[in-house]
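The following exercises are to be worked through with the sequence and the coordinates at hand. Each task is followed by a solution in steps.

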Amino acid sequence: RASAAWTSANDYFENVPNVSTLRFLQIMKLGFDFYAKHHGDVNFIQSELLQEKTTNVDVETMKALEEYARFSDWAYESTSTIRENLKQKGFVLVTHDSSVETEKPSYYLAYSPTKKVVLVSVKGTKSLDDMATNCLHTPEPFVDGSFAHSGFSSAARYVVRRSVPILEDLFVPLGYKVKITGHSLGAGTATLASMLLNREHKIDNHCYAIAPPPTLEKETADKVGSFVTAVVNDADIIPRWNFGLVSAAVDLVADW
């Protein structure tokens, strides 16, 4: 199985820049070990909201984070499960793009006619394509002179490009509030998608980023706090997933 995995990964990533096959497999194992340990634990994402060190967060924000943590978790499910879960919350599923390619994550779009909220939820890491998006980490120019994770930047533009026509033509004219959420890779993508909607499309929105990886440089990250709310679980590795630090850690482990 190891030989088959090596051949598959080598063929798959031969055209991906800056990622050697060995390095990718080592880092991929860390990521999937974390995912396998925590996904499927229905209380995991909710537990990220209940840390004792949480301070200066009002009750309404905590309630919103709990709600959108569920919406982000549902992005990992099948279309039928997403539709049923949303129905119980008073939301109607509009579209669910379950296909995944590098820099093209899965996401769904739904709305609540009673709350007048339209929601975009981006799925996190669950495939080799998702891992490739994570590893395409070179900083690249983004909006307003900022720099962003290149993989998440391309992913955000993909989601926005496909969502904006529905938002602009249908929901924004009707006064719906636009919300974006995601977990892990989905949180990084959602953060940048939120910036694109605000800056390039002039669509007011709010993003709830659940355990987002490093996505922006600090100066810009500090400026988006008015429309991006992020939650990090204590010493969770994903929000500290700096490629250079992880690569150095792999070297240290290899030296043992």
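**Exercise 1.** Determine the handedness of the β-α-β unit made by strand 6, helix 8 and strand 7 in this predicted model, and state how the two strands pair.

*Solution.* Step 1: the path runs through strand 6, helix 8 (residues 185-199) and strand 7, and the β-α-β unit is right-handed. Step 2: strand 6 and strand 7 (residues 205-210) pair in the parallel sense over six bridges.

**Exercise 2.** Is serine 106 buried or exposed, and what does its side chain reach?

*Solution.* Step 1: serine 106 is located in the loop between strand 1 (92-97) and strand 2 (107-112). Step 2: buried means under 20% relative accessible area; serine 106 has 2% relative accessibility and therefore counts as buried. Step 3: its side chain reaches the backbone oxygen of aspartate 97 at 2.7 Å. Step 4: beyond neighbours within four places in sequence, the contacts of serine 106 include His96, Val100, Ser121 and Lys123.

**Exercise 3.** Why is helix 6 described as largely enclosed?

*Solution.* Step 1: the buried residues of helix 6 are Asp129, Asp130, Met131, Ala132, Thr133, Asn134 and Cys135. Step 2: seven of the eight residues in helix 6 (residues 128-135) are buried, so the rest of the structure largely encloses this helix.

Definitions and conventions:
Residues numbered from 1 in each chain as written. Predicted model: local features only at pLDDT ≥ 70, side-chain atom pairs only at ≥ 80, totals over all residues. Heavy atoms only, no water. Helix = DSSP H or I, 4+ residues; strand = E, 2+ residues; numbered from the N terminus. Buried < 20%, exposed > 50% of the residue type's maximum accessible area, 1.4 Å probe, protein only. Polar contact = N/O pair within 3.5 Å; in protein donor to acceptor, adjacent residues only side chain to side chain. Contact = heavy atoms within 4.5 Å. Pairing = 2+ DSSP bridges. Right-handed = clockwise from strand over helix to strand, strands pointing away.
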